[in-house]
Amino acid sequence: MPTGANNKKKHTYIWVSAIILIFGIFAVYEITKRVKGGTVVENDRMSVSSKDAKVGFVVNQGEKRRVPNFSFYDQDSVLVTNKDYLGKVYVVDFFFTTCPTICPVMTKNLVELQDAFKNDKNFGVASFTINPRYDTPSVLTKYAEKYGITDKDWHLMTGDQDKIYQLAQEGFYIFASEDQAAPGGFEHSGMFALVDKNGYIRSREDEFGNPLIYYRGTITEEQEVNADGETQQITILKEDIKKLLAE
């Protein structure tokens, strides 16, 4: 090959390498900037607009996950089962009345949902105590009064502890554990699960079709962002409840 051709080819490689290097530096700069701002995961995952966001099914081993059968007594000492929620869109959480950390915020957020859908008879909440030895129906009644829980379809449920833990961990894959070293003696997740009218666990999907699976229940809309840079998800939960109610 002539020397001129070799030089031309060499210069071409140099220019291509330079362009790749420039774009690479820019990309690293942008990613670094977004990581420092705490946005690379949250904003990328939730970049899909509310208008276009899909509320898909949560799938496990190719099967749509349904709420398993349960049967517990509520704050009015009424036996409540999963069948009582059929035909309703509802939010599920696990809590305990003496919780000194995340439960008050979680309950406040659920009251916010209660008030937002107070005129919709097809909305409900299912709250399961992870300290049933203390949280008797009478204790749950006082807790409901304290926080302004008035929706007749919001059941605060208590019963056999092993069955409640099994429901949390195997039914919803939501962590709950008795731990004397934890504040209040129990450790648990602050996430909410969303269930549709047919008893299927549902979740918002991002633009790539990946489900959130759960919704963050420990940050209020007013707070917006917590100390770890995590954003509140009560707003999108409201939007997704509306979509399921319209189905």
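Biologist: Why is C103 called buried in this predicted model?

Modeller: The relative accessibility of C103 is 0%, and since buried means under 20% relative accessible area, C103 counts as buried.

Biologist: What makes C99 and H188 count as buried or exposed?

Modeller: C99 has a relative accessible area of 7% and H188 one of 11%; because the cut-off for buried is under 20%, C99 is buried, and H188 is buried as well.

Biologist: Which residues does the UniProt annotation "binding site" cover, and how do you know that they cluster in space?

Modeller: According to the unreviewed UniProt entry, the annotation covers C99, C103 and H188, which are spread over 90 residues of sequence although the largest C-alpha distance is 10.1 Å.

Biologist: Where do C103 and H188 lie, and what does C103 touch?

Modeller: C103 is placed in helix α3, whereas H188 belongs to strand β10, residues 186–188. Not counting residues up to four places away in sequence, C103 touches F95, F96, Y143 and H188, while the contacts of H188, with neighbours within four places left aside, include C99, C103, I102 and M106.

Biologist: What describes the packing of helix α3 with helix α6?

Modeller: The axes of α3 (residues 103–116) and α6 (residues 234–245) come within 11 Å and cross at roughly 35°, and the crossing is right-handed. The contact is made by N109, E112, L113 and A116 of α3 together with I234, L237, K238 and I241 of α6, and these residues divide into 5 nonpolar, 1 polar and 2 charged.

Note on methods:
Residues are numbered from 1 along each chain as its sequence is written. This is a predicted model: local features need pLDDT of at least 70, side-chain atom pairs count only at pLDDT 80 or more; totals for chains, interfaces and linings use all residues. Side-chain values use heavy atoms; hydrogens and water are left out. Buried means under 20% relative accessible area, exposed over 50%, partly exposed in between (1.4 Å probe, protein chains only). Axes are lines fitted to C-alpha atoms, for helices over the stretch in contact, and angles run from 0 to 180 degrees between N-to-C directions. Helices (H or I, at least four residues) and strands (E, at least two) are DSSP runs, numbered from the N terminus. A crossing is left-handed if the near helix is turned anticlockwise from the far one by less than a right angle, and right-handed if clockwise. Contact means heavy atoms within 4.5 Å. Ala, Val, Leu, Ile, Met, Phe, Trp, Tyr, Cys and Pro count as nonpolar, Asp, Glu, Lys and Arg as charged, and the others, Gly among them, as polar. UniProt positions are given in the numbering used here, feature names are shortened, and annotations may be inferred rather than shown by experiment.
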